Amino acid sequence: MKFSRRTFLKASGAAGCSLAAYAALPEKFLLWAEEQGMLKASYVPTFCEICFWKCGAVAKVLNGRVVKLEGNPAHPGARGKLCARGNAGAGLLYDPNRLKTPLIRTGARGEQKYRKATWDEALDLIASKMKHIKSEFGPESVALFTHGTPTDHFLPLLSAYGSPNVGMPSFAQCRGPRDVGLELTFGEGIGSPERVDLTRSKVLVLFGSHLGENMHNSQVQDFADALAMGTKLIVVDPRFSIAAGKAHSWLPIRPATDLALMLAWIHVIIKEQLYDKAYLDAYANGFTELAAAVADCTPEWAAHETDLSAESIVETARLLGHNAPNVCLHPGRHATWYGDDVQRSRAIGILAALLGSWGREGGYFLATRTSLPKPESKPFPEPAKAPLNLGNFPFAGAEGVTQEIRRATISGTPYPIKGWIVTGTNLMKAMPNQKETIEAINKLDLLVVVDVMPTDTAMMADVILPECSYLERHDALAVGKGRSLSISLRQPVVQPLYDSKPGWWIAKQIANRLDLADYFPWQNLEEKIQAQCALWGVNYQELKKVGTITIPNSANPYITAEAPAEFKTGSGKIELYSKELKEKGFDPVPRYTRHPVPRQGEFRLVYGRSPVHTFSRTANNPELHELYPENEVWINSGKAKDLGVINGEYVVLVNQDGVRSNRIKAKVTQRIRTDCVYVVHGFGAASKSLSRAFAKGADDQGMITRYAVDPICGSTGMHVNFVRVEKEGVHA
Amino acid sequence: MPKYAMVVDQRRCVACMACVVACKKENEVPPGQFRTRVVEQVEGEFPKLRMELRSELCNHCDNPPCVYNCPTGASYKSPDGMVLLKKNRCVGCKACVASCPYDARYINEEKGFADKCTFCSQRIAEGKQPACVSTCIGKSRIFGDLEDPASAVSAALRDNHHDVLLASAGTNPRVFYIKKFGKPE
């Protein structure tokens, strides 16, 4: 409909003052109409799902359309602010490329040919295939890959169906080794949001973490506060990141040698007795063994490994020691780098323990001890077969090891996997070695993808189910365990567009068709949320209005005389020396091993984040695409000159296995070492249904054909590929 | 009468672009155009590098060339210090775009008039902060009344060295930049 300002005025005149009837009012008139006093905005609180920080957001709605999103001041992760991506949430809601109806595949897998289907047809098809797999192979032969809030709906579905095989890339492709390393040291992880006490730190260390570019709302707020207060920042990164630009010391380390630097720091701190003796005496085990193990890890030795000067290593070690315990060694988040990542995380934990910073101001604060009662629910059936999602990794987490499910799908052992349900994750971009992922998918009888957007993974599916965006649905209450305990509500801001449906509805519908309705004993999710609120003594009507409620007096951030630290390790103490690891045949104290280095003409491919994108999820969002439409490959100026590559020209990356990337712009810069190149993750979409993101930029995951599996927890180190940089159109 | 101004504390900026998106949404800035941007400037040679992150926007100059050069009187300086535009008077001649030394203006092709940062005057009228300030993750952008000694901008300027962009242009900007630590002499 063409809608000029004149016809609009006529129409509004005819309808008197009320514009409520004008559902088709073009967006460009909405703010004007508000300015003229013809429309009144309503504000609805919810929480964001553009990333996993789950910030409280308040949507401004005019005439049924979301015109703006702002941070909810009551939410501890947002504090009234949203990042660029959160601000652009409506870009997802109104993306014309969204999945609109259920789709059933008509072409070969990967051909991206689909026909529209009704919900009944699509759900019946899924249910009949799942019933077939259950009777033929057993329920364990269906696996779930999931991330984010959809997990709250689909994991119960999988468990009710009878399968233990869940795989969340957030473990083996992300946080897994970090959490396992800290659990082995302190008996618990650092949580999400990480319990880093940045605003009270005198010294903050970032290992590869590029806060600022890596946009975690409240944490970056704290980071900026710390910078403004003069916290000394040490950034260990082969790239001059935004954070490095703010640093007191930037240590441009040779990639894959971080552990050598950490062991040398431990060496200096022990040798110069800069550690917190009283804290270690009270809380830690294995100091003697640790000291012996790092006796040879001198700064001079580490200097040779890391390409840093011995002086800078000693100087930074002393800076840490002299400011203990108010030192925060940020354990990072995406920690799957080189395959010895649990041990790197252990080394960070050991350093933090030596400095006495766990449970102390400026270090890591303690999680709230307040908890909420679990609602009663029907117990899930016990699977007949052992789970295969943990592989043979003694410390694999309950989130599962994704590539073990993939491996079993390909090999059929220890038992076949015949169905995958994929929710909230784009596996093709999340898991290394896409060839294996495709090979596994080709063995399946059923691949269901539930998503808002036609991702690369969705376009491999047999059945695609269009989930509505986070602004159109209820989800489970988000319980935030930060300093305090908080409860946040996700509620629909507008009604679902097209024929999309909320995740909870989809899971319940599938359950109904599998005779599992008992596990979803409510009409709609709001009913379940209300019951939960009643159980927790939370006023639901109030929660609907404010979005987030923080439980008062639930914080206990530091160790005090009245509340001494408790560690849930085997010994009840911090384990500088890990008996658990020793028993399973691993190094009880982290030990440095050399990793392969790039050959002549090659660069190590390292990747990271842009502040305006989340994973591969947002590349098609019009409002974010505008700011960073395609990734660039950062290449050192000197190296670029040798290759004849100029800034801004398109090049192609070719990895050690001969895989060629899409064309990608060269960012020729002094801001990176000569032995690596850097790209932002998540570009180069293969899905033709993503009109903006398709084939824009290079897909780093496509270049990651090799991965180094951590034997301790099964996570996949993905900074282990080497690429050549070729000018576009030149074939070797 | 308040005297509105903005202070950009560059030490706090992490170039996260939240301001840019919030501004575009608040003010319906057309695709491809911006009322504010974050400039990332790096000097030096590896590994001795220095970085400056600088949010740029309309400086709401006290001596505004865009106002003097506007042939129709559309651009004007409001009593509270903001450089604003009467849309119905603008003919889209681009004289203001050309005369602004800060490249702060654009022609809104959809609507046919010149446009720029207004300090979100519509939000100020509601007692809110400008959208960029309100969402600024690093609290790098500070907004307030220079006439009020207790305001955040007054305090920030009192406590820190500060600069304006292109001081030599003689425009007397109302947007101030804090680069370094330390109190003024």
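Visitor: Which residues have the most contacts inside the largest nonpolar core?

Guide: This is a predicted model, where local features need pLDDT of at least 70, side-chain atom pairs count only at pLDDT 80 or more, and totals for chains, interfaces and linings use all residues. Residues are numbered from 1 along each chain as its sequence is written, with chains lettered from A and ligands numbered from 1 in the order in which they are written. A nonpolar core is a set of buried Ala, Val, Leu, Ile, Met, Phe, Trp, Tyr and Cys residues joined through C-beta atoms within 7 Å. The largest has 266 residues, and those with the most contacts inside it are Ala84(A), Leu263(A), Leu351(A), Val448(A), Val633(A), Met17(B) and Ala18(B).

Visitor: Which helix gives the most to this core?

Guide: Helices (H or I, at least four residues) and strands (E, at least two) are DSSP runs, numbered from the N terminus. With 10 residues, the top contributor is helix H9 (residues 258-271) of chain A.

Visitor: How many residues does the second, separate core have?

Guide: Phe29(A), Leu31(A), Leu39(A) and Leu62(A) are included in that core. Its total is 5 residues.

Visitor: What is Met17(B) in contact with, leaving aside its neighbours within four places in sequence?

Guide: Contact requires C-beta atoms, placed from the backbone, to lie within 7 Å. Met17(B) touches Ala84(A), Pro611(A), Val612(A), Leu627(A) and Val38(B).

Visitor: Which element gives the most to the side of chain B that touches chain A?

Guide: The contact takes 35 residues from chain A and 31 residues from chain B. On chain B, helix H1 (18-27), strand E2 (37-45), strand E3 (48-56) and helix H5 (131-135) each supply at least two residues. The most, 6 residues, comes from H1(B).

Visitor: How many nonpolar residues are on that side of chain B?

Guide: Ala, Val, Leu, Ile, Met, Phe, Trp, Tyr, Cys and Pro count as nonpolar, Asp, Glu, Lys and Arg as charged, and the others, Gly among them, as polar. That side has 8 charged and 6 polar residues, and its nonpolar residues number 17.

Visitor: In E3(B), what is the bridge partner of Val42(B)?

Guide: Strands pair if DSSP finds at least two bridges between them. E2(B) and E3(B) pair in the antiparallel sense over 9 bridges. A hairpin of 2 residues joins E2(B) to E3(B). The partner of Val42(B) is Met51(B).

Visitor: Is Pro502(A) buried or exposed?

Guide: Pro502(A) is in the loop between strand E17 (485-488) and helix H18 (503-513) of chain A. A residue is buried if 20 or more other C-beta atoms, placed from the backbone, lie within 10 Å of its own, exposed if 12 or fewer, and partly exposed in between. Because Pro502(A) has 23 C-beta neighbours inside 10 Å, it counts as buried.

Visitor: How many residues does the contact take from domain 4 of chain A?

Guide: Domain bounds come from an automatic or database domain assignment. The C-alpha centres of domain 2 and domain 4 of chain A lie 28 Å apart. Their contact takes 20 residues from domain 2 of chain A, and from domain 4 of chain A it takes 24 residues.

Terms used: Contact = placed C-beta atoms within 7 Å.
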